[in-house]
Amino acid sequence: MVYLQPIYKNMNDNYNQDIARSIKTLLSEIGENPEREGLLKTPERVSKSMEFLTNGYEKNPSEILKSAMFSESYSQMVLVKDIELYSLCEHHMLPFFGKAHIAYIPSGHIVGLSKLPRVVDAFARRLQVQERLTNEIRDCIQDTLNPAGVAVVIECKHLCMAMRGVQKQNSVTTTSAFTGAFENEKTRAEFLRLITASLD
Ligand SMILES: [Zn+2]
């Protein structure tokens, strides 16, 4: 009898060997023994983890939005708030994480709501600085959807600040980026009121 081997059989063994080798070197350089039991598979695990955490490079955020754009005459603010966000700072490759709040005012088109968090992930899963991340999300929505305005606020804790450097564990960095109608003070104030309001 012949068994056909499913092609995904070795999928778990697929990882970037070059990354794994670098991690093994890193372990030695910090004074560890990469051959001890607990660390034997660490280079492989870190390799897979790094590829996941940086898989945004393979994504096209604009295409994500285009895949779910619909003609619609609704022209009031659409707000998705408290979008969980995890990224890596490009200076230390340490995590920064928190929330993104995104609003736009449609001008002929709306977008499937689940696409906004996916756009956040596509930009966040790269080496980033919070300021650029904020602008990239804003520009992608503005350029693809062409709405009357876009607002993006991101609030994050940075482990490079909390675990090292100034060791400020509870500081939160807030960045914001606006276009169009959100340049108007009243509209921006309404957006800021909505993202700080609670439902109860
Ligand atoms: Zn950093």
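This is a predicted model: local features need pLDDT of at least 70, side-chain atom pairs count only at pLDDT 80 or more; totals for chains, interfaces and linings use all residues.
Which residues coordinate the zinc ion? I started there and found Cys 89 (SG), His 92 (ND1) and Cys 160 (SG), at 2.2 to 2.3 Å. Donors here are N, O and S atoms within 2.8 Å of the metal (3.2 Å for Na, K and Ca), and water is not among the atoms, so sites may look incomplete. Along the chain, I read the donor spacing as C-x2-H-x67-C.

Residues are numbered from 1 along each chain as its sequence is written, and side-chain values use heavy atoms, with hydrogens and water left out.

Next I looked up Cys 89, which sits in strand β2 (residues 78–89); strands are DSSP runs of E, at least two residues, and helices runs of H or I, at least four, numbered from the N terminus. Cys 89 touches Leu 94, Phe 96, Gln 128 and Cys 160, leaving aside residues up to four places away in sequence. Contact means heavy atoms within 4.5 Å.

Is Cys 89 buried or exposed? Cys 89 counts as buried because its relative accessibility is 5%. His 92, at 35%, counts as partly exposed. The cut-offs are under 20% relative accessible area for buried, over 50% for exposed and in between for partly exposed (1.4 Å probe, protein chains only).

My last entry is on the helices. Ile 19, Ala 20, Ile 23, Lys 24 and Leu 27 in α1 meet Thr 42, Pro 43, Glu 44, Val 46, Ser 47 and Glu 51 in α2.
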